[in-house]
Amino acid sequence: MSGLILVIANKAYSSWSLRPWLALKQAGAAFTEVVIPLRQPETAATIARWSPAGRVPVLRHGDVVIWESIAILEYVAELFPAAHLWPADPAARAHARTLAAEMHSGFMPLRSSMNMNVRRHWPGRGRTPEVEQDIERITAMWRDCRARFGAGGPFLFGSFTNADAMYAPVVTRFKTYGVPLDGACQAYADAVLNLSAMRTWYADAESEPWTIAAFEGE
Ligand SMILES: N[C@@H](CCC(=O)N[C@@H](CS)C(=O)NCC(=O)O)C(=O)O
């Protein structure tokens, strides 16, 4: 499969970018990566050249333009069926899509109080009561998935799926903010963090030249 271009933002900070990037990597896809740094004078104009929505990630594939992360994940799953980015069983697949949708539309307290920053370690920061509720809800879903669907491997549905791609930025937040996890959730988080692609993402983020004060707790 050639001609895929994924346009993303800073690997240090962009949770939405990580999701489709990780799915493409896990699918073994060859793709060109374009990184547009956020909060620069030319950021909006540069993103506009790729997408009318003014946000990244964007996947371009010939004339096809997809600008919502969850729609990109669906397209990648269709392009690479052998990667099994959704569970084969209909009930498990529906459950995985439900988790993905809940992540896409929810957890605003967690997302706003614990911005993604894979270069930092701030244990205990950002833990408002609303964030605690989000953490409770997410870890309960992870435990439930691992118990019901996870027998075939270390991920939510056993082998890696788009549900894991959706929650990968949450895993990085739990690491950055030192959120204590029980054994099952920590094992799941470690499985995500130990993916070769995740190590690459962290290494790439470390070598990025840009620092945005608003995302550095300053
Ligand atoms: N709903 C979108 C959200 C994408 C989004 O918010 N992207 C941010 C970067 S993480 C963005 O492009 N911001 C543009 C800017 O700050 O100029 C998705 O799921 O892809």
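Visitor: Which domains is the chain divided into?
Guide: Domain 1 covers 4–83 + 210–214, and domain 2 covers 90–200. Those bounds come from an automatic or database domain assignment. Numbering starts from 1 along each chain as its sequence is written. This is a predicted model: local features need pLDDT of at least 70, side-chain atom pairs count only at pLDDT 80 or more, and totals for chains, interfaces and linings use all residues.

Visitor: How far apart are the C-alpha centres of domain 1 and domain 2?
Guide: They lie 20 Å apart. The contact takes 12 residues from domain 1 and 14 residues from domain 2. Two residues are in contact if their C-beta atoms, placed from the backbone, lie within 7 Å.

Visitor: And which elements give two or more residues to the domain 1 side?
Guide: Helices α1 and α3 (69–79) do. The largest share, 7 residues, comes from α1. Helices (H or I, at least four residues) and strands (E, at least two) are DSSP runs, numbered from the N terminus.

Visitor: What kinds of residues make up that side?
Guide: The side of domain 1 that touches domain 2 has 8 nonpolar, 2 polar and 2 charged residues. Here Ala, Val, Leu, Ile, Met, Phe, Trp, Tyr, Cys and Pro count as nonpolar, Asp, Glu, Lys and Arg as charged, and the others, Gly among them, as polar.

Visitor: New topic. In what order do the strands of the open sheet come?
Guide: The 4 strands run in the order β2-β1-β3-β4, with mixed pairing. Two strands pair if DSSP finds at least two bridges between them.

Visitor: Why is one side of β2 and of β4 left without a neighbour?
Guide: β2 and β4 (64–66) stand at the edges of the sheet, and each has a single partner strand, so one side of each has no neighbour there. On average, neighbouring strands are turned by 15° against each other, direction ignored. Axes are lines fitted to C-alpha atoms, for helices over the stretch in contact, and angles run from 0 to 180 degrees between N-to-C directions.

Visitor: Do β1 and β2 run parallel or antiparallel?
Guide: Parallel. Strand β1 (residues 4–8) is joined to strand β2 (residues 32–35) by 4 bridges. The chain gets from β1 to β2 through helix α1 (residues 15–26), in a right-handed β-α-β crossover. Right-handed means that, with the strands pointing away from the viewer, the path from the first strand over the helix to the second runs clockwise.

Visitor: What about β1 and β3, parallel or antiparallel?
Guide: Antiparallel, over 4 bridges, with β3 at residues 58–61. Val7 stands opposite Val58 in β3. Helix α1 packs on the sheet and touches β1 and β3.

Visitor: How many residues lie between β3 and β4 in their hairpin?
Guide: There are 2. Gly62 in the turn has a positive phi of about 60°.
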